[in-house]
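Visitor: I would like to go through this model step by step. Please show it first, and then take my questions in turn.

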Protein chains: 2
Amino acid sequence: MTLDDAQTPFLAVDATVVRANADRLSRHLAGLGVPLRAHVKTTKSVDLAALLDDGRPVPITVSTLAEASAFADAGYRDILYAVGIAPDKLPRVTALRDRGVDLTVLLDSVEQAAAVPAGVPALIEVDCDGHRGGVQPTDPVLLDIAHTLAARGAVPRGVLTHAGESYFADGVAALRAAAAHERDCAVRAAAVLRAAGFEAPVVSVGSTPTAHFATDLTGVTEVRAGNFLLFDLVMAGIGVCTPSDLAMTVVATVIGHRPDKGWILTDGGWMATSRDRGTARQRVDQGYGLVADLDGTLYDDLLMTDASQEHGILSVRPGSSAALPTLPVGARVRILPNHACATAAQHDRYHVVRPGSRAVEAVWSRIRGW
Amino acid sequence: MTLDDAQTPFLAVDATVVRANADRLSRHLAGLGVPLRAHVKTTKSVDLAALLDDGRPVPITVSTLAEASAFADAGYRDILYAVGIAPDKLPRVTALRDRGVDLTVLLDSVEQAAAVPAGVPALIEVDCDGHRGGVQPTDPVLLDIAHTLAARGAVPRGVLTHAGESYFADGVAALRAAAAHERDCAVRAAAVLRAAGFEAPVVSVGSTPTAHFATDLTGVTEVRAGNFLLFDLVMAGIGVCTPSDLAMTVVATVIGHRPDKGWILTDGGWMATSRDRGTARQRVDQGYGLVADLDGTLYDDLLMTDASQEHGILSVRPGSSAALPTLPVGARVRILPNHACATAAQHDRYHVVRPGSRAVEAVWSRIRGW
């Protein structure tokens, strides 16, 4: 099977680029003396995660218990479930722990803490930028949660924060500031716990932007990031990577033309790319994605500008004087996505390639559902 | 299993509402003397399609060959693949036809026609509103395509058009006008074919909005629609249905609160709802969806206003004086989606319920991939 004959639309992933992305972040974090706890929510693939450390089970973060279960099946034993725990999911947590998985949960309320069974470790979510959940580092409820956990025999293992706003930072200065602020919030919250007598061995921070731009992680014990294995145009738009670092593309086939409108139509619609329009809020709106040929060379100012369920529309970027390339019916293109997490979720598998080759050397499955 | 204990997030589908939606459109089309060719792209479920005619295989439209294959396995024999054919998909078309499926393809170019094998029927796509592909009804290429098909021994079976712009019509007058225009374009193109000696037995039109608002379908031989089985807030926003006609919701669990921001957090993020923000372009922006309790009663002005991958944020509609409801951690809600096609695609199965009951009476699978 090759990129020329696999049935479109499908995901192509360049394993060499994934490996380079993994190595770059590992080197950066090693320089700061803090280990990575890779987030598998973007890739949802045991095979892709194996590129992180030559197949050795590394500490991971998951966004669903389905991911936790699949990675447990593959031998992973150190897993953080980094979505605030719903009490009725705790029996599944306990079942995974009974299988020998050191599964940690996340919470930010006394209500949740009061439901955690004895022996289950929990991180307390700290808010650093008003993006989602979490308690403020100095909010007295932080200690209420820790005391509630301890009283039940559950384990207040430390704190976690996620700089969600860093996805809207732009440029080196803003990214470094977001990273420093994320660390400060987490370290401050851990200090509150320790002053009250809790050991709080874990101080977990992370997002793909802050992981790459942190310059000092003193007091932090682990960094979470997931998007970086694949990267996407939103990350490129704020300067965390360049388009050449994107490891995943959607391969689509040209099925028609509308010369009157300057359109090329493909069989890759939003079902293949997702509805994510993350770059619409950035300085440069990339539509549904940039367009490259099968060998990965970008066409000049060609975008996927619109989508219906199974149709993509390619056209020249508004305002550009670039010419529409000649792409006959049957020609194939690669779409560089806005948001790797969302685009990958539209598919059940990855077609794995290497630079300079169109051969599909493996097909790797993705974990679905919850 | 009930709506209270199935693992969230998941899709709940009210089969009674589906049936009522099917009956309403069937009655309307019967009154106009034109049969329905249901589009299964929204529901992608053999079980849901069985509600159309008590399990009898009806003529259907598909958006992928994966759908065609799954419905062929279930005994469906009259299938239209309504996405412009990519030549390299034709071997799969032929394989399905060799299994006894009367599978029709769609095309709008001489290039495509020149690739269709002998014996394969094709509809020529006609553009009625500049929304996607298709030739103009009076464009000479229409006859070039028909002659190319005929010369190969393929079958120019007729014409198809889709009023994609009808999703942006608003109100009865605009919807009726879109339906009349869709019919006129298709009938005019068929007349061109017939004047040139082609039989053109099929004149296929349709979209959920135009199917419901057509008042005269003279000359049309079938109507395609798919969204109507489930409906969604985009359809409600233009007056094709009301929120009470929505058959599908996403069930999510409350996992946290941010009283400082007026937020309730749930475990239903965009992975459960999709990134579709279709109502953002309508008069009333419904965010990621309206919020109801488990029994289906809408909360006053409560929206899912934002989403990350596995987090939904519920808050009161901007400008509303409604109070945020009291929903403790562990409470469950139902999200009415913007776009049923996109939301359903995030899931592998439907949990089937009936009005007034929380019992899950069946779990129906969805068809994935291409």
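Guide: Before any distance between domains is quoted, one term is needed: domain bounds come from an automatic or database domain assignment. The model itself is predicted.

Visitor: Into which domains is chain A divided, and what distance separates their centres?
Guide: Chain A is divided into domain 1, residues 15–229, and domain 2, residues 241–365. Taking the centres of these two domains of chain A over C-alpha atoms, the separation is 32 Å.

Visitor: Which residue forms a salt bridge with Asp170(A)?
Guide: Across the interface of domain 1 and domain 2 of chain A there are two salt bridges, and six residue pairs are in polar contact, both residues at pLDDT 80 or more. For Asp170(A), the closest N and O atoms of its salt bridge are 2.9 Å apart. A salt bridge requires a side-chain nitrogen of Lys or Arg within 4 Å of a carboxyl oxygen of Asp or Glu. The partner of Asp170(A) is Arg283(A).

Visitor: In what order do the strands of the barrel in chain A close, and what is the average twist?
Guide: Eight strands of chain A close into a barrel with parallel pairing, in the order S2-S3-S4-S5-S6-S7-S8-S9. From one strand to the next, the twist averages 30°.

Visitor: Which residue in S4(A) is the bridge partner of Val62(A)?
Guide: Strand S3 (residues 60–62) and strand S4 (residues 78–84) of chain A run parallel and are joined by three bridges. Within S4(A), the bridge partner of Val62(A) is Tyr81(A).

Visitor: Which residue in S8(B) is the bridge partner of Val159(B)?
Guide: Chain B has a closed barrel of eight strands, S2-S3-S4-S5-S6-S7-S8-S9, with parallel pairing. Its twist averages 30° from one strand to the next. Three bridges join the parallel strands S7 (residues 155–161) and S8 (residues 202–205) of chain B. In S8(B), the partner of Val159(B) is Val203(B).

Visitor: What angle does the direction of helix H4 of chain B make with that of S5(B)?
Guide: Helix H4 (residues 90–98) of chain B packs on the sheet, touching strand S5 (102–107) and strand S6 (121–126) of chain B. Its direction and that of S5(B) make an angle of about 155°.

Visitor: What area is buried between chain B and chain A, and which three residues of chain B supply 16% of the area that chain B buries?
Guide: The contact takes 60 residues from chain B and 60 residues from chain A. The area buried between the chains is about 4700 Å², with 50% given by carbon and sulfur atoms. The three residues that supply 16% of what chain B buries against chain A, more than any other three, are Arg132(B), Arg368(B) and Trp370(B).

Visitor: Which residue of chain B forms a salt bridge with Asp88(A)?
Guide: The interface of chain B and chain A has 10 salt bridges and 35 residue pairs in polar contact, both residues at pLDDT 80 or more. In the salt bridge of Asp88(A), the closest N and O atoms are 2.5 Å apart. The partner is Arg332(B).

Visitor: Which element supplies the largest share of the side of chain B that touches chain A?
Guide: Several elements of chain B each supply at least two residues of that side, including strand S4 (78–84), helix H5 (110–113) and strand S10 (248–258). The largest share is five residues, from S10(B).

Visitor: Is the peptide bond from Thr8(A) to Pro9(A) cis or trans, and what is its omega?
Guide: Pro9(A) lies in the segment before strand S1 (10–14) of chain A. The bond from Thr8(A) to Pro9(A) is cis, with omega near -5°.

Visitor: Where is Lys44(A), and what is its phi?
Guide: Lys44(A) is in the loop between strand S2 (36–39) and H2 of chain A. Its phi is a positive value in a residue other than glycine, near 45°.

Key: Residues are numbered from 1 along each chain as its sequence is written. Chains are lettered from A and ligands numbered from 1 in the order in which they are written. This is a predicted model: local features need pLDDT of at least 70, side-chain atom pairs count only at pLDDT 80 or more; totals for chains, interfaces and linings use all residues. Side-chain values use heavy atoms; hydrogens and water are left out. Two strands pair if DSSP finds at least two bridges between them. Helices (H or I, at least four residues) and strands (E, at least two) are DSSP runs, numbered from the N terminus. Axes are lines fitted to C-alpha atoms, for helices over the stretch in contact, and angles run from 0 to 180 degrees between N-to-C directions. A polar contact is a pair of N or O atoms within 3.5 Å; within protein, one must be able to donate a hydrogen and the other to accept it, and residues adjacent in sequence count only if both atoms are side-chain atoms. Contact means heavy atoms within 4.5 Å. Buried area is the accessible area (1.4 Å probe) that two parts lose on being put together, summed over both.
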